[in-house]
Amino acid sequence: SVVAWGPFGDCSAVQDKLRHVQQIAATGTAFAATLADGSVVCWGNASDGGDCSAVQHQLRNVQQIQATGRAFAALLADGSVVAWGPSDFGGDCSAVQDQLRNVRQIQATARAFAAILADGSVVAWGDPDHGGDCSAVQDQLQYV
């Protein structure tokens, strides 16, 4: 189970769902917990990723969650990625969704995500000024 506190930490609304928690990730004011069955429970400030209802149906077989300051990205068992939260913090990966296949790992900065693919290449999204655009060095990002 989970015990949380503070103005955005109150998890009482989802407390009954927080069983068999494997991992918790946090933005500045929201949380996302991965459960043993691969599902995700979110709480906290809705505008900072605390409301994952729009993507809840996609959050199955989650292996890893990373967070920027206001968004989350989840790596699924099939190597795909689901993101939610403000787009300028990486909460929308639709522009690179077709490239997010066979993802091995996700990392985050304050406002962007980077995914390492099975072939060693890297895909980034989010705020370009915070690492969300790696096109200038893409040719160097091989066999990472």
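This is a predicted model: local features need pLDDT of at least 70, side-chain atom pairs count only at pLDDT 80 or more; totals for chains, interfaces and linings use all residues.
I started with the ring of Phe89 and found Arg111 over its face, 4.1 Å from the ring centre. I count a charge as over a ring when NZ of Lys or CZ of Arg is within 6 Å of the ring centre and within 35 degrees of the ring normal.

Residues are numbered from 1 along each chain as its sequence is written, and side-chain values use heavy atoms, with hydrogens and water left out.

Next I looked up strands E8 (residues 112-117) and E9, which run antiparallel and are joined by five bridges. Strands here are DSSP runs (E, at least two residues), numbered from the N terminus, and two of them pair if DSSP finds at least two bridges between them. I see Phe113 bridged to Trp125 in E9. The hairpin has four residues between the strands, and Gly120 takes a positive phi near 90°. How many of the five residues of E9 (residues 122-126) are buried? I get four, with buried meaning under 20% relative accessible area (1.4 Å probe, protein chains only).

Then I turned to the open sheet, three antiparallel strands in the order E4-E5-E6. Strand E4 (62-67) and strand E6 (81-84) are the edges, each pairing on one side only. Neighbouring strands of this sheet are turned by 20° against each other on average, direction ignored; the axes are lines fitted to C-alpha atoms, with angles from 0 to 180 degrees between N-to-C directions. E5 (residues 72-76) pairs with E6 over four bridges, antiparallel, and I noted Trp84 in E6 as the bridge partner of Phe72.

Note on methods
Buried means under 20% relative accessible area, exposed over 50%, partly exposed in between (1.4 Å probe, protein chains only).
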